[in-house]
Amino acid sequence: MKLALVYPLAALAEIGGCFAFWAWLKLDRSPWWLAPGVLSLIAFAWLLTLVPAEAAGRAFAAYGGVYIVASLAWMALVEKTTPDRWDLIGGAVCVIGAAIILFGPRG
């Protein structure tokens, strides 16, 4: 699977899974929310194994930047809370850092 697809899908799976737990614990949703939440977190873990990186830590670190931007998009689209300029600047810095980690020249 292409990296441009793996990271966004992993982010969606992780955020969806974590939100299911959030909804159960913080929004008084049914415990049945946990079943798709757990499946979503399993999908997240599996998707990260598809990242073509020499070290798991590097793949996970680079994913962090994608996760941050995806979380801001979730906040805007699902939670209907508009990210402010500091959210957007911080997200951009994180994506740049993720790109450096993943695509930087290795000796």
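Me: Tyr-7, buried or exposed?
Reply: Tyr-7 counts as buried because its relative accessibility is 5%. Buried here means under 20% relative accessible area, exposed means over 50%, and partly exposed covers what lies in between (1.4 Å probe, protein chains only).

Me: What kind of model is this, and how are residues numbered?
Reply: The model is predicted, with local features requiring pLDDT of at least 70 and side-chain atom pairs counting only at pLDDT 80 or more, while totals for chains, interfaces and linings use all residues. Residues are numbered from 1 along each chain as its sequence is written, and side-chain values use heavy atoms, with hydrogens and water left out.

Me: Back to Tyr-7. Where does it sit, and what does it touch?
Reply: Tyr-7 belongs to helix 1. Leaving out residues up to four places away in sequence, Tyr-7 touches Leu-48, Val-51, Ala-59, Ala-62, Tyr-63, Val-66 and Leu-102. A contact is a pair of heavy atoms within 4.5 Å.

Me: Which other residues of helix 1 are buried?
Reply: Besides Tyr-7, the buried residues of helix 1 are Val-6, Ala-10, Ala-11, Ala-13, Glu-14, Ile-15, Gly-17, Phe-19, Ala-20 and Ala-23. Helix 2, helix 3 and helix 4 are among the elements that cover them.

Me: What span should helix 1 have?
Reply: The 24 residues of helix 1 should span 34 Å at 1.5 Å a residue, and the end C-alpha atoms lie 33 Å apart, which agrees. The expected span is 1.5 Å times one less than the number of residues.

Me: Stepping back, how many helices and strands are there?
Reply: The protein chain has four helices and zero strands, and its pattern along the sequence reads α-α-α-α. Helices (H or I, at least four residues) and strands (E, at least two) are DSSP runs, numbered from the N terminus.

Me: What about the overall dimensions and burial?
Reply: Along the principal axes, the C-alpha atoms fill a box of roughly 50 × 35 × 20 Å. The protein chain has 107 residues, of which 28% count as buried. Of the contacts with a separation of 6 or more, 63% are between residues 24 or more positions apart.

Me: Now helix 4. Which residues are buried there?
Reply: Gly-91, Ala-98 and Leu-102 are the buried residues of helix 4. Viewed down the helix axis, they fall within an arc of 25°, so they line one face of helix 4. That arc is taken from the directions from the helix axis to the C-beta atoms.

Me: What do they pack against, and what is on the other side?
Reply: The buried residues of helix 4 pack against helix 1 (3–26) and helix 3 (56–77). On the other side of helix 4, the exposed residues are Arg-85, Trp-86, Val-93, Ile-96 and Ile-100. Ile-96 counts as exposed because its relative accessibility is 52%. Between Ile-96 and Ala-45, 51 residues apart in sequence, the C-alpha distance is 23 Å.

Me: What about Ser-40?
Reply: Ser-40 lies in helix 2 (residues 34–48) and counts as buried because its relative accessibility is 17%. Setting aside neighbours within four places in sequence, Ser-40 is in contact with Leu-12, Ala-13, Gly-16 and Gly-17.

Me: Last topic: which non-glycine residues have a positive phi?
Reply: One of them is Asp-28, at about 55°, and Lys-80 also has a positive phi of about 55°. Most residues other than glycine have a negative phi.

Me: Where are Asp-28 and Lys-80 found?
Reply: Asp-28 is in the loop between helix 1 and helix 2, and Lys-80 is in the loop between helix 3 and helix 4. Asp-28 counts as exposed at 71% relative accessibility, and Lys-80 is exposed with a relative accessible area of 66%.
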